[in-house]
Amino acid sequence: MVLRAGPLGRALSPGPQLAEHAGRGPGGALHRRLGRLGRHLQRWLHPLRSRLDRDGDGEVSDDVEDGARAAREHLEPLARVGYALSGVLHVLIGGLAVRLALGARGGTADQGGALAAVAGTPGGSVLLWAASAALAALALWHLVDGALELRWRQRSAGVKDLAKGVVYSAVVVTAATYAAGGRTDTEETSDDVTEQLMEQLLGTLAVAAAGLVVVGVGLYHVAKGVRRRFREDLTLPDGPARLGVDVAGVVGYAAKGLALCVVGGLFVVAAATNDPREAGGLDAALRALLELPAGPVLLGCVGAGFAAYGAYAVVRARLGHL
C-alpha cells in the first residue's frame, strides 16, 4: 500500500465548488469538518510517510519491499545453518525410531526426544541456544519470504512459506525450552488440545479436517520423493555424490510422508471415534507402526528414512533453495 498524504487530504477536503457553498445549506458544516479532518490526517501521516519513504520518491510500498528483501538476504546465511540443523534433528529422530524398533524403552521418538538427547550431552545447553538462534533466523526468513511472495501475488508459494515459518517458530520455542533446562511433552499437549476441541461438534470436525490436511501433506511428501521432484530444490552434485543425494531424497521424503500420513490418520480416527486419546504426534505414529505385522522392520525402515531425509536436508542447506 502506498501512503500518500496529499491525495488523502484532497479526497477528504471539499472541492472548489463545494467550498464556495460550504457555508450554505445543511451540508455546509459537514464539508467544513471533512476539510479539517483531511488537514489533520495530512499532518499525522507526514512523519510516518517521511520515515518509510527513504528515497523521497513517494513510493512507500517499494521502500518497505526493498527493506524486506535486504532483511531476507542478510538472514539467508544463518537460515541455511538453521536448515542444516533441522536436518540433524531428523537424523536424531531416525536414530531414536531405530532404537525403538530394536526394543529400546524410555524416551520419545520425536522432536522432543531428539532435543532432550542433545540437552543431555556436555555443552548441550550452549548447542541448543545456538541452534535456537539459527532456527529463529530460518523461521523469520520463511515469514519474510512468504510475505513478499504474497505481495507478488504468488499465493500458493506465499502460504507455503508462511506455514513453514510458523512450524519452524514452534521448533524454536521447543529448542529454547530445552536449552533453558525445561521439558515439553508434545504427546500430552496434543492430547489436551484435541480433548478441548472435541468438546464441541465443530471442534471434532476441525480435528478431522486437520488430520486430513496432515495426510495430504504426507502424500505430497511421498509423491515428491517417488517422482524425484526434490531435484528442483537444489543443484545436484556430480559423481557418486549425485546418486547418494538422489537416494537420500527418495527414501527420506517417502519415509517422512508415511509418518505424516499415520499422524494425520490418528487424528481422523480420534474424531471418528470421539476419543481424543487416539490422537497423537510423531512418537505415537511411530509406536502405531510398531504394532503392525512386521512392525519392528517397518519402523526400522522409517527410522532409516528419517535419517536419510536429514542427510538430504544438510546437503540442500548447502546446495539448494531454502
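What follows is a short chat about core, rings, backbone and surface.

Analyst: Ground rules first. This is a predicted model, where local features need pLDDT of at least 70, side-chain atom pairs count only at pLDDT 80 or more, and totals for chains, interfaces and linings use all residues. Residues are numbered from 1 along each chain as its sequence is written, and side-chain values use heavy atoms, with hydrogens and water left out.

User: Fine. How many residues has the largest nonpolar core?

Analyst: The largest nonpolar core has 55 residues. Such a core is a set of buried Ala, Val, Leu, Ile, Met, Phe, Trp, Tyr and Cys residues joined through side-chain atoms within 4.5 Å. Buried means under 20% relative accessible area, exposed over 50%, and partly exposed in between, with a 1.4 Å probe and protein chains only. Tyr83, Leu138, Leu286 and Tyr312 have the most contacts inside this core.

User: Which helices supply this core?

Analyst: At least two residues each come from H4 (60-101), H5 (111-119), H6 (124-151), H7 (155-179), H10, H11 and H12. H10 gives the largest share, 11 residues. Helices here are DSSP runs (H or I, at least four residues), numbered from the N terminus.

User: What is leucine 286 in contact with?

Analyst: Ala97, Ala109, Leu299 and Val302, leaving aside neighbours within four places in sequence. Contact means heavy atoms within 4.5 Å.

User: And threonine 204, buried or exposed?

Analyst: Threonine 204 is buried, at 12% relative accessible area. Its place is in helix H9. Beyond four places in sequence, threonine 204 is in contact with Leu197, Met198, Ala271 and Asn274.

User: Switching to rings. How many aromatic pairs?

Analyst: The count is five. Rings of Phe, Tyr and Trp (its six-membered ring) pair if their centres lie within 6.5 Å; planes under 30 degrees apart are stacked, over 60 edge-to-face, and the rest tilted. Phenylalanine 230 and tyrosine 253 are stacked, because their centres are 6.0 Å apart and their planes at 10 degrees. Phenylalanine 230 lies in the loop between H9 and H10 and tyrosine 253 in H10, so this pair ties together parts 23 residues apart in sequence. Both phenylalanine 230 and tyrosine 253 are buried.

User: How is phenylalanine 230 placed against tyrosine 312?

Analyst: Edge-to-face, because the centres are 5.5 Å apart and the planes at 75 degrees. Tyrosine 312 is in H12, so this pair with phenylalanine 230 ties together parts 82 residues apart in sequence. Tyrosine 312 is buried, as is phenylalanine 230.

User: Which residues do the ring pairs link into a cluster?

Analyst: Phe230, Tyr253, Tyr309 and Tyr312.

User: Backbone next. Which residues have a positive phi without being a glycine?

Analyst: Arginine 228 is one of them, with phi about 60 degrees. Arginine 228 sits in the loop between H9 (201-226) and H10 (240-273) and is partly exposed, at 35% relative accessibility. Alanine 294 is another, with phi about 55 degrees. Alanine 294 lies in the loop between H11 (282-290) and H12 and is exposed, at 55%.

User: Last one, the surface. What makes the nonpolar patch?

Analyst: Val88, Leu92 and Val314 make a nonpolar surface patch of about 190 Å². Like charges are joined within 9 Å, and nonpolar side chains (Val, Leu, Ile, Met, Phe, Trp, Tyr) within 5 Å. Areas come from the Shrake-Rupley method with a 1.4 Å probe; for residues, only the protein chains shown count as cover. Valine 314 lies in H12 (residues 295-319) and is partly exposed, at 37%.

Terms used. Patches are made of residues with over 30% relative accessible area and no salt bridge: like charges are joined within 9 Å, nonpolar side chains (Val, Leu, Ile, Met, Phe, Trp, Tyr) within 5 Å. A salt bridge is a side-chain nitrogen of Lys or Arg within 4 Å of a carboxyl oxygen of Asp or Glu.
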